[in-house]
Amino acid sequence: MSELDDQIHDNFEEEESHDQDHGDIHKTIHLSGMYENWFLDYASYVILERAVPNLKDGLKPVQRRILHAMKNLDDGRYNKVANIIGHTMQYHPHGDASIGDALVQLGQKDILVDMQGNWGNVLTGDSAAAPRYIEARLSKFAGDVVFNPKTTKWKASYDGRNKEPVVLPVKFPLLLAQGVEGIAVGLASKILPHNFIELIDASISILKEKDFEIFPDFPSGGLADVSRYNDGLRGGRIRIRAKISQQDKKTLVITEIPYGTTTTSLIDSVVTANDKGKIKIKKIDDNTAENVEILIQLAPNVSPDQTIDALFAFTNCEVSISPNSCVIDNDKPRFLGIKELLRISTDNTVILLKEELEIRKAELLEQWHFSSLEKIFIEKRIYRDIEECETWEAVIKTIDKGLKPYQKNFHRKITQEDIVKLTEIKIKRISKYNSFKADEIIEGIELEIDEVNNHLEHLIDYAINYFRQIKKKYSKGRERKTEIRNFDTIEATRVAAASKKLYVNREEGFAGTSLRKDEYVCDCSDIDDIIVFRADGIFIVSKVSGKTFVGRDILHIDVFKKNDDRTIYNLIYRDGRRGPARVKRFAATGVMRDKEYNVTKGTDGSRILYFTVNPNGEAEIVKLILKPKPKLKKLAFEYDFSELAIKGKGSQGNILTRHGVKSIVKREEGISTLGARDIWYDDTVKRLNTDDRGKYLGAFKSDDRIFTLQKSGYYKLMNYDLSNHFEEDMLLIEKFNPKKILSALYYEASNEKFYLKRFLTEQENNINKKIGFIGENTGNYLLAFSLDRLPQVKVTFDEKANKKNIPDEVINVEEFIGIKSAKAKGKRITAKFTRSIEFIEPIPFEEPDVPKTKSKNNDQGSNEEKSDDTKQQMELF
């Protein structure tokens with residue numbers, strides 16, 4: 001009986017019963033413990049031998065076996081992947097498909113494997129060519145840090161015919177550099193890739209006992225919010241966004257995509273969002289080759305900024321990844337944070353370096369030992385003493401006797417094996433023996449032994465230098481690709497495209513997107529809320545649907561903006577059937593969906609007489625005409641809403657008149673009573689805000705603009721909408737001042753000279769347009785700029801190129817060149833060769849006294865960042 005049969009027999013409990021009617025014998029088999037044992041065996045195998053990486057070398061078993069097979073095949077030339085797969089099958093007890101997939105994934109990480117042929121594209125999701133068409137070899141990096149047979153522990157392969165490494169002696173945090181993802185039975189591991197250079201720097205910090213921070217870096221680039229990374233442990237989360245920029249008013253371009261997505265999956269998600277009405281696009285093109293380039297053509301009258309936010313909210317342009325750092329340590333799974341993994345890896349590297357040094361020291365001592373024996377054997381002519389020996393034993397004894405006086409000079413005892421090696425020296429070598437050369441060799445060995453001993457005594461310094469050499473040799477092209485940034489929270493309702501149409505039946509009290517025969521209200525999205533005011537003073541907020549009952553006698557219906565404290569409702573209502581007319585102003589904030597709110601006192605029979613919606617808190621003047629009655633002389637009067645304070649939605653309002661009101665008409669449009677709006681720019685998330693975060697830009701009124709200056713040589717005027725997006729190369733952002741003069745130094749590539757220009761920014765018809773001011777030559781670049789009234793430029797000349805000494809020159813910019821347009825070329829600084837050109841301290845200038853206006857929303861305290869008229873200058877190079 002086989003072992004499996006024995007196991008089955010042990011788990012089965014058989015019971016026999018006899019069917020007397022048919023003469024049959026029935027067996028009842030109990031599966032007691034059978035599932036439990038076999039399942040645990042299977043789960044343990046999958047966890048330890050397939051899905052989860054080892055703590056010491058950061059590799060799964062299949063990856064380790066592939067690298068071992070590639071090392072055995074390595075002769076410096078490429079090998080067919082099919083050949084590598086075949087050799088790996090000597091060690092890996094699974095099919096060729098799993099080995100091939102693992103090798104392709106290993107190659108696409110671009111660390112250990114040097115590839116040739118079509119290995120697929122991680123950006124587009126294209127698969128690699130068949131194994132017979134592509135080739136691979138170990139990278140030089142792998143040869144330096146992964147393999148060393150002298151420090152490798154071996155075990156028998158699955159069939160006992162070969163030896164394979166237990167773990168590879170990896171002297172680098174490979175697990176964190178590559179990242180890993182594996183799903184086992186009841187267990188999963190997901191470790192994100194980190195930056196090659198940052199890992200080395202962090203390892204050096206560990207050796208220096210300094211603190212460090214380490215965050216993921218993805219080969220596909222993009223932007224990442226790591227505020228909830230949680231050191232890579234369970235419960236953490238990373239948000240990753242594509243890099244999207246505005247090519248023009250009608251075109252967005254995606255140049256980097258989130259990790260784990262492909263251009264195909266991202267485009268599919270964009271198309272799906274468009275089909276569902278979440279965004280509005282006209283066309284999407286994929287021009288991806290070596291680098292990602294996805295062009296999104298927007299539909300007419302669609303905001304690019306809103307569409308960018310909508311792409312983040314509704315498509316794979318933003319994804320969330322939850323890490324789960326799990327590794328195998330001593331044949332058991334462990335959950336360790338990224339910092340702890342790096343510390344263990346660094347300590348393991350130090351241990352391996354120490355082993356290598358000790359092995360090298362032992363080898364050098366053996367070389368010194370035999371070289372010294374050989375020197376004594378030949379120089380002292382001991383070989384002549386064995387000429388008369390007749391037996392082998394006599395030869396050994398004679399040599400041993402001749403070496404005995406020198407035993408004390410050696411590091412270890414002279415053995416018979418050493419003597420046998422001396423007898424194998426050929427006569428030709430003895431006759432040509434050079435004592436001086438032998439002394440040089442021994443001296444060289446001694447120097448190397450001293451060097452190794454020094455490394456062992458200063459092991460940490462040696463390890464630090466090892467990491468620095470790895471960084472110097474292999475860090476080129478491995479700079480960080482993913483930008484670390486905090487993301488703001490995007491409200492889906494604010495950025496969803498208004499792809500639906502809202503209708504209302506005021507008489508019957510229904511509203512929705514399916515009432516196409518009724519009154520059109522506005523465009524909306526299917527995730528919007530609507531706000532409805534009725535004539536009885538009730539208002540309600542409800543979700544957009546095909547058709548919903550909101551109540552009869554509808555006065556106003558619109559899309560509801562959550563937390564909007566700028567929209568002010570002005571109303572006059574009659575308190576009860578015969579009560580006084582009251583007036584109030586309020587904002588509809590702090591409301592719950594589908595709950596009815598009463599803006600009157602709640603007296604039975606109350607009714608709204610006058611109602612307006614003011615997006616920016618406008619306060620109009622109205623004329624009230626009263627109902628005639630005896631002794632009432634004044635039948636009409638005007639009222640200015642600006643005299644009334646804005647209060648909560650539950651306030652009763654002030655009594656306007658106790659007489660009956662016949663009608664109310666608007667006499668004059670009002671102006672905003674909310675005052676200017678304080679705006680800040682938060683460079684961390686690159687967004688505007690009203691929450692006192694970041695740089696204070698100023699108090700903005702309706703026509704005010706924001707001025708931005710870009711390193712690429714253009715400026716842009718924008719409104720102060722909080723959903724605005726800003727360029728990655730933005731150098732300056734401030735409140736636009738049409739009287740401020742911009743002085744710019746730039747390089748003109750056509751004649752290889754530097755130019756200076758001054759101009760005023762033009763506001764008319766230039767909102768949200770990029771206005772270039774350094775010319776259209778692609779070789780031009782902005783050197784420096786200044787917003788001072790009387791700037792100065794210092795020019796330092798190149799003595800060597802000019803072949804004479806020329807003193808530095810200071811230029812008064814105002815006298816040097818007049819104010820021109822942004823399109824003007826400007827004036828050349830000098831025809832001579834220069835070493836540096838820079839703005840220096842400006843000439844003092846006192847602005848005339850101007851009364852300062854202060855925002856109503858900013859009466860408390862002072863802000864250091866609000867001094868806007870200081871020197872503003874930036875040197876770019």
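**View 1. An open sheet of 4 strands, taken in the order 40-38-39-43, with antiparallel pairing.** In this predicted model, the edge strands are strand 40 (730–735) and strand 43 (770–772), each of which pairs on one side only. Strands are DSSP runs of E with at least two residues, helices are runs of H or I with at least four residues, and both are numbered from the N terminus; two strands pair if DSSP finds at least two bridges between them. From one strand to the next, the twist averages 20°, where axes are lines fitted to C-alpha atoms and angles run from 0 to 180 degrees between N-to-C directions. Residues are numbered from 1 along each chain as its sequence is written. This is a predicted model, in which local features need pLDDT of at least 70 and side-chain atom pairs count only at pLDDT 80 or more, while totals for chains, interfaces and linings use all residues, and side-chain values use heavy atoms, with hydrogens and water left out.

**View 2. The pairing of strand 39 (residues 714–718) with strand 43.** The two strands run antiparallel and are joined by 3 bridges. Lys716 stands opposite Lys770, which belongs to strand 43.

**View 3. The largest cavity, with a volume of about 80 Å³.** A search of the whole structure finds 3 cavities of 30 Å³ or more; a cavity is a set of points, on a 1 Å grid over the protein atoms alone, where a 1.4 Å probe fits but cannot get out, and lining residues have an atom within 4 Å of a point. Grid points are joined across faces, edges and corners, and a volume is the space filled by probe spheres set on the points. Among the residues lining the largest cavity are Leu55, Asp57, Phe172, Leu341 and Ser345. Helix 7 (174–178) and helix 11 (338–379) are the elements that give two or more residues to this lining, and helix 7 gives the most, with 3 residues. By class, the lining has 7 nonpolar, 2 polar and 2 charged residues, where Ala, Val, Leu, Ile, Met, Phe, Trp, Tyr, Cys and Pro count as nonpolar, Asp, Glu, Lys and Arg as charged, and the others, Gly among them, as polar.

**View 4. The second largest cavity, with a volume of about 60 Å³.** Its lining includes Phe707, Glu734, Phe736, Lys740 and Leu787. By class, 4 nonpolar, 2 polar and 2 charged residues make up this lining.

**View 5. Arg582 in strand 28 (residues 581–586).** Arg582 is buried, with a relative accessible area of 10%, buried meaning under 20% (1.4 Å probe, protein chains only). A polar atom of the Arg582 side chain lies 2.9 Å from the backbone oxygen of Gly653.

Notes:
1 Å grid on protein atoms, 1.4 Å probe; cavity = no way out; pocket = protein on both sides within 12 Å on 5 of 7 lines; lining within 4 Å. Buried < 20%, exposed > 50% of the residue type's maximum accessible area, 1.4 Å probe, protein only. Polar contact = N/O pair within 3.5 Å; in protein donor to acceptor, adjacent residues only side chain to side chain.
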